Amino acid sequence: MTEAASTKNFVRLFQIPVVVCLCIVAYAYPLWGQQAQGPTSRQYVIQRIEFIGNRRIQSDTLRARIFSRPGDPYSEEAVRRDFQALWNTQFFEDVRLEVEDSPDQPDGKIVVFYLKERPIIRRIEYKGNKSITESDILDAFKEKKVGLSVEGQFDPTKIKRAEVVIKELLAEHGRQFATVKPTYERIAATNAVKLVFNIDEGPKVKVGTVTFTGNKVFSDGKLLRAMRHDRPYAIPLYITNIPVMDKTYDRQKLDEDLEVGIRGLYRDHGYFKATVGDPILNTHDEDRSGIKGPWPVLGSKHGKRVDITVPIEEGEQYRMGALKFRSSDPEVGLVFKSEILAKVFPIKEGEIFSAEKIRKALDNYKKLYGEYGYIDFVAEPLTDIDDKKKVVNLTMEFDQQKQFFVRRIEFSGNTTTRDKVIRREILLDEGQVYNNRLWELSILRLNQLGYFDVIKPENAELKRNVKAGTVDIKLKVKEKGKQSISFSGGVSGIAGTFVSASYQTNNFLGLGETLTLSAQLGDFQRGYTFGFTEPFLFDRPITTGFTIFANKYDFNQAKQYGLLLGQQIALNPALQENYNTDTKGFTLFISSPLRRFSFARVGLTYGFSSTNITTFSQSAQLLFDSIQFTSLAGPSALNGIHSSKVTPTISYSTVNNPQNPTHGKSFYYGVSLEGGPLGGNVNTISNTFSTTYFHQVNKRRNVIGIKYQTAMISGYGGKDIPPYNRFYLGGEQDVRGFNFYTISPFVAIPFSTSTSIEYFDPRRIGSTGNPVPQLLTVPLLEFIPTRPGGDYQNVLNLEYRIPIAGPVTLVFFNDLGLNGILRQTQLSLNPAAVSLFQEQYPNPDFPNVHITKDLPIVSGTNFYPRTSAGIELQVILPIVNAPFRVYYAYNYLRLTGTITAPSGAYFLSDAVKNTLPPGVLQTQIQPELDSILFQQVQHIPAGLIEPKQTFRFTVGKTF
């Protein structure tokens, strides 16, 4: 290669990078120029910001959502940030941004947001829902905070959330295979839509067969009973249950049954490490023919069932080991000694370890500390398991917190009731240590007043001042209507057809006083009452008051039976009880607690009444005339019956609500002295005892109610018990299935009458040549069965109450009544009548007829138990605040035979017999008398008096 050629090649190699560099410099020069000119170039500003397309949302609202303002320097980054802020409001389904140059300002920019608002949901419809109502869906939306509602914006996210919630709700009702498809339709000429949820519920899924594997300690039946949500509906018996209907399958409830029900059962019996595995589920179709409808056993079924297999590993049983107590703060000791705390603990060392008893211990310790002001006390059980000895050593760690004193107690919501009326029921005083037990008792006392809606512990707001160690209590109450004016009418077993009017205020002038004025007019009963009660006399817990009354009662058996049966009933006038009583009088009473803030009270009641009795039947006349209960005699013996009575009482009640009790107990005992030194013409002594008990069961949802009452009465000073004061059972107040005042023993009242017998005397021949008829008057003895009432009674009422909804309650009941005559001497005949009867009987014709001074009791009727079992539906109307009820009762113990009076007799003296021609007595007179006696034997069909079953509507409660 020559030198020239070599030089030429070198130049070419050099030219290539130079050209590249020159190109780079030429390209970069304008950029450098711009950077050099940057600080002195034109800066654009935002002249204005416009929103186009927004109709419902005001522009001022949108301006508040963005960051840029007119006059701010224009920046693409700032504008993009404003765009994102508007999109995040979820107000629009489309947002578009444009930036325009200002036509009148060279350095100005116009920012324009083009908006398309989301439509409004004008209407929401649910189609295809059968198992759940629209109200159920809305409640679920509210609970899950879906945020979807009419007049709200159309938001696909919320609609999807609503779809999920509806599916979950359907699954809870056994519709696990349900589908929900939301669709919408735009409403013409508006930016609104109609949203429709199309629901296909699919087949209902029921719980099928539940089986267990690995269980040895507990039977399958016991484990199944522990599964509250998945066990079948059943009729509980003493040792077993009769399944009636399968429950709806719900996986969440199944998980709760496995953990709380089955595993809890094992832990409560010492199997501390028992585990319940994941259930094996087998879903299959079920198609069974039968009666259309939800009928158990006989009904048709078209759906799905889930058979559940539950694997269980029981493990070993553990017992209680050592028990220790310590404070969570090492620098602060325990308030109580360990010995005292150990006594409260419900499990002794060596006993079976129970999680249920541990929970009870935590509650006991909270109550113990709560009585001494430690409101925020917390106990934590720490377990130390010794697998070798199979014991659980337990350390109770107490976080005692601070002791609180009551600084102030305030009330709100009592617009009428004065503070002092509430405060006098509060057992806590300002300045003393807060006592949780006394506060709970205070709430109980307030609920017993009946002035407010049920007060619960959460109605009290506790404001703590931790630094000062004080607490302010603010109790919120809601007053009931203190005045009640009611007009009512209807049909009642005791009053017949009636109308009534009443006025009552149970919180007169906000002072807690009670004023009552009532009147009732009915077919059988008429009455007027005026009463006043002062619960705190002179600001002391002394209750005083009075009542003035006038009552008239017609006891007409035939009319009552006709009313109950819906038709007229004809009874033998000689047998039916038919009389009326007209009573006027007053009572005065006073009571006081045994000690301050005690639930036990002692009282004293004085009553005076004047009664007139009018009889309208032979049975009633004989009953009142035969029994000597007043000092009066003769035709006016049943008028001017004066009763002067004093009754000391003692009572106790922790029943939480006077109208709808759910827990608590009460008892009452009173002994009454009537007449004697108190005046009047009736002498009686009576004892009365009653007790009630209420207990919540089935997770505190239902209530068991028990009432027992007994009473005994006796006359003294040579006087018997008045018939109207004797005991009669039956009716809605005691044994519901029986008619009012029909449960009583029967007695046979003897009475003397006569009859004329016609016979033919062969010694006297008439003009026709035949014997002349003669008349012979013969004294007769007859017996009339009647119910005099008992002097000793017992009544037991059992109820199982199931709240249905609001004021509606379903009640299963069983009533037992026992009424009898304990002292037959209190049913003695008039001595003059006894002497006459004993002169005539027995006689040669009736050697077995003996008349004693005491009325004979009909066999099989004295202390014969009567029972009623049935179902009752109660509704408490909020306006009149009175319980309306309808019930059906079956009387499985009742009198079923016929009440038959003893056969009568006649008396023919020897002198009369000697005047008769030979053979006439045997052939004419005696057969006629025997026929008359046979026909006059009185019979009462027991089925008429004591029905087999009863269906009745009434106003009131048994207890």
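Predicted model: local features only at pLDDT ≥ 70, side-chain atom pairs only at ≥ 80, totals over all residues.
Which backbone nitrogen does the side chain of Asn435 reach? The nitrogen of Arg437, at 2.9 Å.

Is Asn435 buried or exposed? With a relative accessible area of 14%, Asn435 falls under the 20% cut-off, so it counts as buried. Leaving aside neighbours within four places in sequence, Asn435 is in contact with Gly370, Glu371 and Leu428.

Next, the aromatics. A search of the whole structure gives 29 aromatic pairs. Take Tyr365 and Phe398: the ring centres are 5.2 Å apart and the planes stand at 55°, so this pair is classed as tilted. Tyr365 sits in helix H9, residues 355–370, and Phe398 in strand S15, residues 391–399; the pair links distant parts of the chain, 33 residues apart. Both residues are buried. They also belong to a cluster linked by ring pairs, which includes Phe325, Phe336, Tyr369 and Tyr372.

Two arginines lie over ring faces. Arg81 is over Phe67, at 4.5 Å from the ring centre. Arg736 is over Phe813, at 4.0 Å from the ring centre.

In soluble globular proteins, nonpolar side chains tend to be buried together. Here the largest core has 31 residues, and the members touching the most others are Leu781, Tyr906, Leu908, Ile925 and Leu929. Which elements each supply at least two residues of this core? They are strands S30 (747–765), S31 (771–786) and S37 (905–906), with helices H14 (831–840) and H16 (920–935). H16 gives the largest share, 6 residues. As for Ile925, not counting residues up to four places away in sequence, it touches Ile757, Tyr759, Leu776, Leu908, Leu916 and Val920. There is a second, separate core of 22 residues, with Ile121, Ala140, Val165 and Val193 among them.

Last, a hairpin. Strand S5, residues 179–187, pairs with strand S6, residues 192–200, in the antiparallel sense, over 9 bridges. Which residue of S6 stands opposite Thr183? That is Val196. Between the two strands there are 4 residues, and in this hairpin Ala189 takes a positive phi near 65°.

Methods: Residues numbered from 1 in each chain as written. Heavy atoms only, no water. Core = buried A, V, L, I, M, F, W, Y, C linked by side-chain atoms within 4.5 Å. Buried < 20%, exposed > 50% of the residue type's maximum accessible area, 1.4 Å probe, protein only. Contact = heavy atoms within 4.5 Å. Pairing = 2+ DSSP bridges. Phe/Tyr/Trp six-rings, centres within 6.5 Å; stacked < 30°, edge-to-face > 60°. Lys NZ or Arg CZ within 6 Å of the ring centre and 35° of its normal. Polar contact = N/O pair within 3.5 Å; in protein donor to acceptor, adjacent residues only side chain to side chain.
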